[in-house]
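Have the viewer ready and keep the sequence beside it. We will walk from the overall fold down to single side chains.

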Amino acid sequence: MNVFAFVIFFALLTEFAVQLLASYLSLRSLLRTPAPALGKLLDEDRFRQLQRYVGARTRFSIASDVFSLSVLLLFWFNGGFRWLNNWIGSWGLGPLWTGLLLLGAIALGRAFLALPFTAYFTFGIESKFGFNKTTPQTFFADLVKGALLAVVIGGPLAAAILTLLSQPGRYFWLYAWIFATVLLVLLQIVAPRIIMPLFNKFEPLKEQQLREAISSYAASVDFPLTAISVMDASRRSSKSNAFFTGFGSNHRLVLNDTLLGRHTTPEMVAIVAHEVGHFKKKHIPLRMLLGILQLGVFFLLMSFFLNSNGLAQAFYVDHPPVALRIVFFALLYSPVAFAWSIFLNWLARRQEYEADRFSAETTRQPEAMAEALRKLTADNLSQLSPHSIDVILNYSHPPLEDRIRALSPSLREA
């Protein structure tokens, strides 16, 4: 085991151990009595169901992580990458097609191994606790559509990246970064109009009172809102959400149909105001810029290791093509990606607090925002008391009680 193999192996085990510890601590911190922040939204039976759901999800996540790590290590240390390279390389298809097939085989293998876990989570855990509305037909249709999109979008992207990284010169990483950035921005533009409708139906909000209330609020904060759509999320799950799509002045608000009828009009406006807060506080452009920066760091660091013989030898491959070298570097990059995810989660939680405050201040109904958060937590059976380590590692949204506590000054002023 050379130094590259040791670093990757140690990083993988360390991240797994830390995540396992976080999951264990969160299981230990499950509340024994309903949280005061939820008031009367959870009776004793529903609270016990929440605890069982959180426990089932956590244990499922641990089992999935154990399986994934075990398969990766077995494949690696039994020369799986060398075997795959030799097998596909023997077809004599040329560097580009060989590289595309290598990446496709690895992606297909991962998807195939994850499929039983995904199916069990959807039709086992989510069904047991009353969330799943997905039929087997919809489940497999989603798989087929996702695979086709991966080929149509991921194929040309991978081909371009492989071509750019195969060129000699000092700045190949920069050209790859620019190309990936342009494609990322284009996807953000076309996804709401082309990709998302492949999976869900979007219809105009028909409820007159709610539509007028949301439009009136948007006008009061000088927020251009061109459309309010309802998405048929209930085809797959009973969980609730809301979000905005679109760039510039072409904003479209999307409400899950599972939200309607569960929240009062002031609560719905508060939820919308929270999403508007993300735009007004420039959270969306910041996230995009950070994603682009992360891509740049990845490609820049990869330029130093892409042609490293030591990295190739760590996976028992003497002369790997560019495609495998990218995979090897991605594994070497995993500690950086893990640290980056911790930072992004911290930033996301901070932005959630800011959006909550924006909603409370601009609607002048902070209790509506607080009640909406309580209902969303109760309806989605969200973890009420995750351990702080788990929050730091994995939570993009703060726990309910922390969000209510942050809203307390506004609640007292109301």
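This is a predicted model: local features need pLDDT of at least 70, side-chain atom pairs count only at pLDDT 80 or more; totals for chains, interfaces and linings use all residues.

Residues are numbered from 1 along each chain as its sequence is written, and side-chain values use heavy atoms, with hydrogens and water left out.

Let us begin with the overall picture. The protein has 15 helices and four strands; helices (H or I, at least four residues) and strands (E, at least two) are DSSP runs, numbered from the N terminus. Its radius of gyration is 24 Å, close to the 22 Å that the globule rule gives for 414 residues, so the protein is as compact as a globular protein of that length. Here the radius is taken over C-alpha atoms, and the rule is 2.2 Å times the number of residues to the power 0.38. Along the principal axes, the C-alpha trace spans about 70 × 45 × 40 Å. Buried residues account for 43% of the 414, where buried means under 20% relative accessible area, exposed over 50%, and partly exposed in between (1.4 Å probe, protein chains only). Of the contacts (heavy atoms within 4.5 Å) between residues at least 6 apart in sequence, 76% join residues at least 24 apart.

Now look inside. A nonpolar core is a set of buried Ala, Val, Leu, Ile, Met, Phe, Trp, Tyr and Cys residues joined through side-chain atoms within 4.5 Å. The largest one has 40 residues, and F81, L165 and F315 touch the most other members. Helix 11 (residues 322-332) gives the most to this core, with nine residues. Apart from it lies another core of 24 residues, including I228, V230, F244 and A372. Back at F81, the contacts beyond four places in sequence are L72, F75, W76, I106, F315, V317, L324, V327 and F328. F81 also belongs to an aromatic cluster, together with F9, F75, W76, F77, F315 and F328.

That brings us to the rings. A pair of aromatic rings is described by the distance of the centres and the angle of the planes. Rings of Phe, Tyr and Trp (its six-membered ring) pair if their centres lie within 6.5 Å; planes under 30 degrees apart count as stacked, over 60 as edge-to-face and the rest as tilted. The structure holds 30 such pairs. In one of them, the centres of F123 and F139 are 5.2 Å apart and the planes meet at 70 degrees, so the pair is edge-to-face. It links distant parts of the chain, with F123 in helix 4 (residues 95-128) and F139 in helix 5 (residues 136-165), 16 residues apart. F123 is partly exposed at 32% relative accessible area, whereas F139 is buried at 8%.

Next, follow helix 12 (residues 334-363). At 1.5 Å a residue its 30 residues should span 44 Å, and the end C-alpha atoms are 42 Å apart, which agrees; the expected span is 1.5 Å times one less than the number of residues. Just after helix 12, R364 takes a positive phi of about 60 degrees.

Most residues other than glycine have a negative phi, and most peptide bonds are trans. K282 has a positive phi near 65 degrees; it is found in the loop between helix 8 (265-280) and helix 9 (283-305) and is exposed, at 56%. Y316 also has a positive phi, of about 65 degrees, in the loop between helix 10 (309-314) and helix 11, and is partly exposed at 34%.

Where does V254 lie? V254 is part of strand 4 (residues 251-256) and is buried, with a relative accessible area of 0%. Beyond four places in sequence, V254 touches F202, S229, M231, A242, F243 and T245.
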